[in-house]
Amino acid sequence: MTPQPPPEPRNPDGDTRRVGVEIEFAGLPPRETAQLVLELFGGEIEVLSPHRLKVSGTRWGEFGIELDTQFAHPDQTVVDAEADGDSEWERMRLDFHSRTRELIGDVVTGLVPTEIVCPPVPWDELEDLDALFEALRNRGAKGTDASLLYGFGLHLNPEVASLEAESLLAYLRAYLLSAAWLREQIHVDITREVLPHANPFPRAYALRVLDRDYAPDLDTLIDDYLVDNPTRNRELDMLPLFAHLRPNHSHELLRNKLVKARPTFHYRLPNAQLSESDWGAVAEWNRWLEVERLATTPETLDERSAQFLARHRPSAPRRWLTRLRRWVTRQ
């Protein structure tokens with residue numbers, strides 16, 4: 001499968017836009033996964049801890065591979081605190097902490113997924129990255145549909161074409177209008193629907209953003225998002241992008257160590273369909289492009305926004321009753 005070109009193929013610096021890919025799966029532990037990445041793309045393996053490794057020096061940069069649970073890895077705050085001391089007691093405490101986390105990782109291997117965080121790949125080279133998905137299938141890696149317990153996902157991190165508020169708003173509107181179609185096309189696994197990792201946007205937020213009179217500057221766009229979406233678990237997570245744009249923002253979510261600031265959308269919806277021979281990053285990229293095409297077609301975007309509002313906006317009496325209930329509740 002060949003990656004289709006986006007309507008805006010360049011980033012704000014004029015370079016080819018890149019796409020970060022994250023994939024979760026079972027059946028292959030981190031060390032074997034790192035060796036597989038090395039065989040495919042070269043580089044060098046570095047063991048950061050027993051269940052966390054990286055493969056650096058590949059053509060695209062660094063791959064991160066780990067068990068996807070923080071309890072299988074040494075807590076960096078503990079490591080830093082104990083490393084500052086030089087007493088035997090402090091060394092023993094650090095060793096005990098590290099060994100305990102290693103044991104937890106040994107126990108949960110096979111119960112929690114292995115995760116690969118790929119380096120950003122130019123969109124027109126995603127077909128080469130799909131060799132990784134084929135190799136994972138051949139080595140026995142299991143995706144979302146292998147078990148009712150496997151709520152595994154694939155995340156795409158498409159680099160934005162523009163950092164201007166008007167452009168980001170258009171892409172956000174396009175996603176809100178495309179979300180139902182994407183869920184239908186992907187057939188989001190029931191386990192992932194139940195888990196909170198890729199929740200839909202609240203209807204009230206969609207109605208606000210799709211209103212033609214909504215024309216926020218960047219700070220208002222960010223603040224409104226944080227009010228209605230105080231969570232990392234949105235199907236299109238905007239927090240990494242907003243943390244990149246406003247690194248000194250006071251909101252605790254934008255300072256969360258799990259939010260990695262980067263100039264990308266963080267698209268969390270797709271399943272990890274490793275059982276399908278033609279599935280991979282290219283398949284999900286091509287599906288994502290429906291959002292980009294809509295975002296860059298202003299007339300169609302306006303028309304579909306108006307249609308959405310006509311179907312879902314409450315009537316005037318209903319809005320009045322809602323305001324009355326809120327007033328009574330506050331009394």
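Q: What makes residues 190-194 helix 6, the one where Ile 190 lies?
A: Helices here are DSSP runs of H or I with at least four residues, numbered from the N terminus, and Ile 190 sits in the run 190-194, helix 6. This is a predicted model, where local features need pLDDT of at least 70 and side-chain atom pairs count only at pLDDT 80 or more, while totals for chains, interfaces and linings use all residues. Residues are numbered from 1 along each chain as its sequence is written, and side-chain values use heavy atoms, leaving out hydrogens and water.

Q: Why is Ile 190 called exposed?
A: Exposed means over 50% relative accessible area, buried under 20%, and partly exposed in between (1.4 Å probe, protein chains only). Ile 190 comes in at 54%, so it's exposed.

Q: How do you know that Arg 183 and Glu 235 form a salt bridge?
A: The term asks for a side-chain nitrogen of Lys or Arg within 4 Å of a carboxyl oxygen of Asp or Glu. Here the closest N and O atoms are 3.0 Å apart, so the pair qualifies. Arg 183 is in helix 5 and Glu 235 in the loop between helix 8 and strand 8, 52 residues apart.

Q: Why does Arg 183 count as buried?
A: Its relative accessibility is 15%, so it falls under the buried cut-off. Glu 235 is buried too, at 2%.

Methods. Helices (H or I, at least four residues) and strands (E, at least two) are DSSP runs, numbered from the N terminus.
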